[in-house]
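Trainee: I would like to learn how to read a protein model, one feature at a time.
Mentor: Then let us look at one together.

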Amino acid sequence: MQSFVTQSLALSLVLSPVVIHGQILDDFNDGDDTGWTRLSPLSQFGVTGTYSFPGGVSYRMQSGASLDPDTMGQSRIGAMRTDVNYSAFRVAVDLSTFDPAIEQDVGILARITTPGLGTTSGYSATIDTDEGRIYISRVDFEQPTTVIDADSPLDPKKNYRLVFHGYEGRFLAEVFDVADLTTPLFVAEGEDDTYQSGPAGLFGAAGQTTGIIDFGFDNYESDDRPDIDRDGMPDPIEVEFFGNLDEPGDTDFDGDGRDNAQEIEDGTDPTVKDSSIEVMSIKVLGDSLILQFRTLVGRSYQLETSVDLTNWVVDTEAEFEDPEDGIAGFLT
């Protein structure tokens with residue numbers, strides 16, 4: 001590195017995108033459900049559960065009727081992403097067009113513990129397709145208890161997106177028309193603090209004891225950035241900066257001309273005026289160059305060097321030190 005120091009050296013700090021932890025994306029265009037754990041609790045009793053990928057672009061779940069509803073309960077089927085556990089969560093999925101003659105409840109599972117016959121517990125956000133209602137429920141050993149419900153009449157010929165948020169003991173479910181993902185058509189909000197964390201997934205249950213299930217999902221995504229107060233700021237980050245969820249996203253807390261939600265999206269500090277990357281010091285120590293700079297929340301970094309301000313290369317040998325008090329350093 002000494003050769004760079006003795007020449008005309010230029011340095012560039014490059015930000016990578018805002019880090020989203022635990023993110024899972026699956027559009028099912030690969031025609032399989034790799035990464036998913038199928039949940040078909042009645043299959044051991046001979047109830048046929050089928051998973052398919054029509055046209056290689058969606059995830060279809062079908063189940064025959066329960067053979068003994070009094071003992072087994074109604075038909076149900078699902079699939080879990082057990083590779084990530086969430087406390088705070090945002091889970092979204094597109095709902096395919098459906099047959100309105102089939103009475104069924106379909107949607108999202110979250111914070112699930114011990115999935116299986118008679119053991120599945122956690123929370124669900126589901127749409128009753130024939131009644132036209134959205135439910136947030138607590139699930140105890142496969143038995144749902146309604147936390148909150150709201151009207152959600154759907155056109156069976158359209159596609160909708162269901163989004164389920166959870167932060168601490170608060171929950172939000174939103175239904176969007178896929179053609180307009182900016183404003184929800186229907187919203188339900190509720191509170192419960194029984195289950196604290198667990199994986200998420202997809203689910204369908206027959207609406208009648210002898211009913212069947214036939215439904216499709218597409219464009220699944222999950223991460224740890226819920227926004228239960230719908231202010232454009234992920235709840236965990238909002239609390240990190242402001243200490244609570246009371247600060248609006250469209251106001252400018254630090255008065256620097258950018259609203260709070262935009263600053264969080266950009267990775268800058270909404271409580272510090274004109275926050276940005278700031279190089280604190282550059283020092284040459286023997287054969288080493290030490291660069292200290294102010295970090296931004298939710299961002300990752302790489303160091304680029306150049307001797308002509310035209311051709312830049314990533315310094316893969318640079319050693320990054322963890323930040324203290326918002327200041328980090330590169331040793332190269």
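The dialogue below goes from the whole chain to single residues.

Trainee: What should I know before I start?
Mentor: This is a predicted model, in which local features need pLDDT of at least 70 and side-chain atom pairs count only at pLDDT 80 or more, while totals for chains, interfaces and linings use all residues. Residues are numbered from 1 along each chain as its sequence is written, and side-chain values use heavy atoms, with hydrogens and water left out.

Trainee: How many helices and strands are there in the chain?
Mentor: Helices (H or I, at least four residues) and strands (E, at least two) are DSSP runs, numbered from the N terminus. Here the chain has 4 helices and 22 strands.

Trainee: What percentage of the residues is buried?
Mentor: Buried means under 20% relative accessible area, exposed over 50%, and partly exposed in between, with a 1.4 Å probe and protein chains only. Of the 332 residues in the chain, 46% are buried.

Trainee: How do I read contacts?
Mentor: A contact means heavy atoms within 4.5 Å. Among the contacts in this chain with a separation of 6 or more, 60% are between residues 24 or more positions apart.

Trainee: In which order do the 7 strands of the open sheet come?
Mentor: Two strands pair if DSSP finds at least two bridges between them. The order is β3-β6-β15-β8-β9-β10-β11, with antiparallel pairing. β3 (37-39) and β11 (143-151) are at the edges with a single partner strand each, so one side of each has no neighbour in the sheet.

Trainee: Over how many bridges do β10 and β11 pair?
Mentor: β10 (residues 133-140) pairs with β11 over 8 bridges, in the antiparallel sense.

Trainee: What is the general idea of a salt bridge?
Mentor: Side chains of opposite charge can pair when their charged atoms come close. The rule used is a side-chain nitrogen of Lys or Arg within 4 Å of a carboxyl oxygen of Asp or Glu. The whole structure has 14 salt bridges.

Trainee: Which residue forms a salt bridge with aspartate 94?
Mentor: Arginine 161 does, with the closest N and O atoms 2.6 Å apart. Aspartate 94 is in strand β7 (residues 89-95) and arginine 161 in strand β12 (residues 160-167), so the pair ties together parts that are 67 residues apart in sequence. Aspartate 94 and arginine 161 are both buried.

Trainee: Is alanine 65 buried or partly exposed?
Mentor: Alanine 65 is partly exposed, with a relative accessible area of 27%. Alanine 65 is placed in the loop between β5 (59-63) and α2 (69-72).
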